[in-house]
Amino acid sequence: LAYETNRAGALGSIAAGHFNTASVVENVEKEVRLLREAEGSPLVVGFIGHSTFKSETGWKLVEEFMSRHKPEAVQYFAPAVMKRPSDGQTSNIDLAHKHGCKVITQVGTEAHAIEALAAGTDCIVAQGSEAGGHGCRPEVGSGTIALAARIVSVVRSNEEWHDTPVLAAGGIVDGRGLVAALALGCDGVVLGTRLWASHEGKGLVSYKERLADSNIGPDEVIRTQVMDGIQNSYTPNPWPEPFDSSGLIRNSTIDTWHGDYDKLKEAIKDGSIVQSFKDDNGEKGEATNACVFSGKGVGDITSIDNAYDIIRRVDDDAASIIQNDLAKLVQ
């Protein structure tokens, strides 16, 4: 997926995720080797902050990885900025810069953006609450338009930061979303759900088919703590506040427990809901019962396509809108 995204003229990344065990490192190394075989394709790797950088083990694994592979850029999220446990001063951004890596930080609030900018980030991704997957709780984060616009204002009004690229993320699946982000002053967009619904995207085909289901639109997508509430009871990498919230396609489990988190905690204690959750989200589970990550823009995903074609279509559609539709407004 990263290679095909790069080949189309965008910037693809490899998800290292919770980069804190030997097995995860081994899997990421395999992907890096495949990408490096494609001459000229830049290496960008994304790390989840709270699990990767909470211990010296994670710091050392990342430092060794950067030393070996010299990625062109890294992406940090949840949180974007972490300090080294051993000294409380060195940030993960400092670590990347030490190895010559540019840093992309994904944030869900203005405060997190300012923190990342002050720490020296090279690029900001403004992730709105319409995004799929993990992000800030709804009461903490903001919608994509409001958040991206505000971060653009903060960046452009600061002499030190004003050249920092700002990218919008959350609910963007086509050229219209790219044009909207550019109108806000952003330099580009990040596609998550749209590129997951590609032939190259990892995951079960049945999950991707849910994303391309014509019956699934923004009303069927919700940002909720239900999945994280259950998973956090048994996963070795529990998601902390305020990132213990995910954009998902609604299912019966979500509809039963969303907003009733105290009762959900009680149900988790007896164990039955945890086992049924594992069954529903296993490889043999039905996609309609599973927690399928999705952003609010899913209604305009109608097919599973090649990543290259998705990127080119977004670019071409955006160019057409700017050259034709918007040109009419100023004639």
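Which residue stands opposite Thr224 in strand 10? The points below take up this pairing and its surroundings.

1. This is a predicted model, in which local features need pLDDT of at least 70, side-chain atom pairs count only at pLDDT 80 or more, and totals for chains, interfaces and linings use all residues. Residues are numbered from 1 along each chain as its sequence is written, and side-chain values use heavy atoms, with hydrogens and water left out.

2. The residue opposite Thr224 is Ser246 in strand 10. Strand 9 and strand 10 (residues 245-249) pair in the antiparallel sense over four bridges, where two strands pair if DSSP finds at least two bridges between them. Strands (E, at least two residues) and helices (H or I, at least four residues) are DSSP runs, numbered from the N terminus.

3. These strands belong to an open sheet of three strands, with the order 6-10-9 and antiparallel pairing. Strand 6 (133-135) and strand 9 (221-224) each have a single partner strand and stand at the edges, so one side of each is left without a neighbour in the sheet. Neighbouring strands of this sheet are turned by 25° against each other on average, direction ignored.

4. An open sheet of seven strands, paired in parallel, has the order 1-2-3-4-5-7-8, and its edge strands, strand 1 (14-17) and strand 8 (188-190), each pair on one side only. Within this sheet, strand 5 (residues 123-127) and strand 7 (residues 166-169) run parallel and are joined by four bridges, with Ala126 opposite Ala168 in strand 7. Helix 7 (residues 144-156) packs on the sheet, where it touches strand 4 (102-107), strand 5 and strand 7, and its direction makes about 170° with that of strand 7. Such angles run from 0 to 180 degrees between N-to-C directions, and axes are lines fitted to C-alpha atoms, for helices over the stretch in contact.

5. Helix 8 (residues 175-183) packs against helix 15 (residues 307-325) at an angle of about 60°, with the axes 7 Å apart. That angle makes helix 8 oblique to helix 15 (under 35 degrees counts as roughly parallel, over 145 as roughly antiparallel, 65 to 115 as roughly perpendicular and the rest as oblique). Contact, meaning heavy atoms within 4.5 Å, is made by residues including Leu178 and Leu182 of helix 8 and Ala318 and Ile321 of helix 15.

6. Thr253 lies in helix 12 (residues 252-257) and is buried, because its relative accessible area is 15% (buried means under 20%, exposed over 50%, partly exposed in between, with a 1.4 Å probe and protein chains only). Not counting residues up to four places away in sequence, Thr253 touches Val226, Ile230 and Asp280.
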